[in-house]
There are 2 protein chains.
Amino acid sequence: MEPATAVDEPHDVRMRGFARRTTVAAAWEWIDGHARRIESERIPLERAGGRVLATDVTSSVDVPGFDRSMMDGYALLADQTQGASHYNRMELQIVGESLPGRPFGGTVGRGQSVRIMTGAPVPAGADAVLPAERVDASGSLLCVLDEVPRGKNIGLRGEDIVAGTRVLAAGRVLRPQDLGVLASIGTVNVEVSRQPRVRIVITGNELLPAGSAPQPSKIIDANGPMLAALVARDGGVAINPGIVPDEPAAILAAMREDADIVLVSGGSSVGQEDYAPSLLAKHGELAIHGVAMRPSSPAGMGRLGDKLVFLLPGNPVSCLCAYDFFAGRALRLLGGRKKAWPYPVRQISLSRKLVSTVGRLDYARVKIVEGRVEPISISGASILSSTTRADGFVIVPADSEGYPEGTMVDVFLYDS
Amino acid sequence: MEPATAVDEPHDVRMRGFARRTTVAAAWEWIDGHARRIESERIPLERAGGRVLATDVTSSVDVPGFDRSMMDGYALLADQTQGASHYNRMELQIVGESLPGRPFGGTVGRGQSVRIMTGAPVPAGADAVLPAERVDASGSLLCVLDEVPRGKNIGLRGEDIVAGTRVLAAGRVLRPQDLGVLASIGTVNVEVSRQPRVRIVITGNELLPAGSAPQPSKIIDANGPMLAALVARDGGVAINPGIVPDEPAAILAAMREDADIVLVSGGSSVGQEDYAPSLLAKHGELAIHGVAMRPSSPAGMGRLGDKLVFLLPGNPVSCLCAYDFFAGRALRLLGGRKKAWPYPVRQISLSRKLVSTVGRLDYARVKIVEGRVEPISISGASILSSTTRADGFVIVPADSEGYPEGTMVDVFLYDS
C-alpha cells in the first residue's frame, strides 16, 4: 500500500523505506535516454490531423500545376494593349473561353484573346489577363479600354509550391493547413509516428471500477478514466481493461500484456503489499524507485521486455502528478512529440507565500484569483478535487524553500 | 468565381461588387447573436474528455465514503497511547484486521486495536492510526511505543468531496482529472453539449478531390481536409462528402443537407458564377456579404432554415482565415465553448515594419526568427504554404496602417 499522507508530513517517516530518493532531473534523464521514438505507419491523409509526421515531405509537383487567371477577364498578349484607353480603343478577336477545369485548347495569337475566368488555365500564347471591367465585349469582338502589363493577373505555375521543395519536415505535428498543403501536392497517405499503446493497470482491492455506484468501504477508481484521458491528450492509445486484483501473479500478467508503455496505478511504494516494484525488479529492471518530490514520491519506473513501465501512486493527485512528470513525457517522446508539458505557462505574482521543503520538488496546485496566484490550501495527495478547483500548478524546485508573496511565478495552466 | 488577387491589390477593384463591406466587429456581433448553444446529450464518462459539461454536477455522496487509514499500522483509541514510549510500552490486544475493501466488522474497544492497512476503513470505535513503525507486534499482542494524537493518520469521510457539493460547473471543458472526480462520485453518464455537425460543401469545377493524383489544369482540393481538421479542433463533427459541381441546384441541395453549420468553400464572391450568396439570399438569409479584411474579404454568412451558413472564399488562405474569424467562432459557441481563438498568444517585437491599409483588418502570417516576429513576404490568398511556413499570425486592425519595426505585437501561434 502506498504511504498516502507520508508525502504530506513534515517528517516523512514512510520514506525511510526508500534507500534514496532520485531527483526529478535524474528521472527525466533516464526517461530521455530510454524513451525511443517508435516506428511509423501510413495512414490516410484525412485522419492525419494532429499526428506527427515521420518523414520529410517533398513535393514532386508544382502547385498550381499551370498558370491560372486570378481575375475574370480576357487572356491576351500584353503588348497588344499598349496605349489602349477609353479614347483609344483597341480591337481583338475573342477566339474561345477558358473555364476552371475546362481550359482553352488552342494558342492565343496576335489580334486574339480568350475569355477567361478566375482559376482557369491561361492559354498558351497569352501573357496577361485584362479584367472584364476594362473592356467592352460584344459577340466575338473585344474592345480593349486599358493597358495591362505583362504577367498581370496571372498566378504562375508553382507560385505556391515548386516541385522539389520540402513542404513539411519530419516531426511536424500536422496542422489543419498542413493537411491542405499535403492534399494539394497529391498526397493520399501520410507516414506518421504510430500512436504508442499505453496499458493502464489499476490495482487496489478497495476499488470499484469507474462507472460503479458508490458502495460502503469501497472507493470508485478515479485513476483509470483520468489516465486514459491524459494518454489521449499526449497522442497515445489507452488500453484500460479495468481493475486488476492486488496479487503478484495478476499484476505481473497485466504488466506483460501487449503495450509500448505500462502504467501501474497503486501499490507503487515500499509496503508489504506494494507488489509492482519488486515484480519489476525481478522480471525486468526497476531503474528508479522513489523520487524527491511531493506528491508522487513513491513513483517508480523501469523496463519490462521492450516496454517502459511507470509505477504511479494510487492516490489520485500523486497519480496525476507522476503521470505528468514522468509517464506523459515518455509517451510524448515515443510518439515523436515535444517532451515539454502541454500546459500553457503564464507568469503571475503570488497573492500569498508558497512554502516548500528543501530537498524535494513541490507540485503546488493554485487558483488565479483577481489576477494573482493563490496556492490551494487543502492539497493532500488524495484530494483529487484540489486539481479540479485549481486553475493550474506551480513547481517549487527541490533547492527552494518556497516563494514570498508577490513573487512572479510560472503557472502551468490545466486548460489551454 | 472569387476575386482571388483582388484582396491583395492596393486598389481593390473587384470589391466594387460589394455594396458595402461589413467590419469584422459587426460580423462577430451577428455571430454572437445567432450562434445559440445547441442541446445536450448523455455520453459514457470514458468518452467525455474534452467535451463541454452541459449542467452543473453536484455530488450526492461523500468521497471517500468512509474514514480510512492513511498509513499501514494499528487503529486504536488515541487516549490509550498517552505517555507511551520505548521506555513506557503500553499493551493492547490485536482483535482483527482491516484491509482495503475488506473492513473489520466489529468495534474497537478499550484495550484493543486492529491491524490496518493504507486505504482500509477505520473500524468503529477507533479514532487514530498508530504507524507500524511505532509498535512491536507479536501474535495478538501489540506493544505501543509512541503516542498518537486523536484523528492522526485518518483520512476523513468526505475529505475530498462532501455530499451536496457542486464539483463541476456547466460549461466546463472536461479535463482528465475531472473525469476522475466524476468517476469517484459514481458518475456513469455525463450530460455534455452535443458536438455540432458541420457540413463542408466544396465547390469548384477546377477541383479534384483530396487524395487524387495531380492532373494538368486541375487543382487538388486543399480546403476539404483543412476544414475537416479545423472543425475537429473546435469540437465539431465534420461531414465532408466531396466536391459539389458548380451548379446552383447542386450547391443548394448540398447546403440543405442535415447539419448545424454549413461551410461553403468557393464561389462566395460577386462574380457571375458565385452562386452561393444569391442562393442563400433567395432561400434563406444572407446577413453579411463582404468583410473589410484581407484576405477573406469575399466571405459571407447567413442562415438557411435552422442552419448557420458560412461562405468561405475558395482561395485556401482566405478559406482558413474566414473559417478562423467567423465559422470557428460560431462552431465553438454552438458547442458551448469559449468564442476566443484556440491559438496561444505571445507578445513579441517586430523585426521589420508590418504595413497594412487603413479601412480593412489584416491577417498577416509571420515567422518567429531569433525571438523576433518577421512578416512573411509571399502572402497571397492562394499561397497556402505561407501558412505552413508561418509560426502564426498577427492581426492589424482596420484603423491601423501597420506597425513600425520593434513594436510589440500579439502573435497568435498556430501550434499550441
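Reader: Hi! Before we start, what kind of model is it, and how are things numbered?
Author: Hello! It is a predicted model, where local features need pLDDT of at least 70 and side-chain atom pairs count only at pLDDT 80 or more, while totals for chains, interfaces and linings use all residues. Residues are numbered from 1 along each chain as its sequence is written, and chains are lettered from A and ligands numbered from 1 in the order in which they are written.

Reader: Thanks. How many residues of chain A are in contact with chain B?
Author: 83 residues of chain A are in contact with 83 residues of chain B (contact: C-beta atoms, placed from the backbone, within 7 Å).

Reader: What is that side of chain A made of?
Author: It divides into 44 nonpolar, 24 polar and 15 charged residues. Here Ala, Val, Leu, Ile, Met, Phe, Trp, Tyr, Cys and Pro count as nonpolar, Asp, Glu, Lys and Arg as charged, and the others, Gly among them, as polar.

Reader: And how are the chains related, by what rotation?
Author: A rotation of 180° with 0.0 Å of shift along its axis superposes chain A on chain B, RMSD 0.1 Å (least squares on the C-alpha atoms of residues with pLDDT of at least 70 in both). That is the relation of a two-fold axis. The same surface serves both copies, as 100% of the contact residues of chain A recur in chain B.

Reader: Switching topic: is helix 3 of chain A enclosed or open?
Author: Largely enclosed by the rest of the structure, because 9 of its 11 residues are buried. Buried means 20 or more other C-beta atoms within 10 Å of a residue's own, exposed 12 or fewer, and partly exposed in between, with C-beta atoms placed from the backbone. Helices (H or I, at least four residues) and strands (E, at least two) are DSSP runs, numbered from the N terminus.

Reader: What covers those buried residues?
Author: The cover includes strands 13, 16 and 18 and helix 6 of chain A, together with helix 2 of chain B. After helix 3 of chain A comes A:G235, with a positive phi near 85°.

Reader: One more, please. Where is B:I185, and what does it touch?
Author: B:I185 sits in the loop between helix 2 and strand 12 of chain B. It counts as buried, with 24 C-beta neighbours inside 10 Å. Leaving out residues up to four places away in sequence, B:I185 touches B:S59, B:V61, B:V63, B:I161 and B:V167.

Note on methods:
Two residues are in contact if their C-beta atoms, placed from the backbone, lie within 7 Å.
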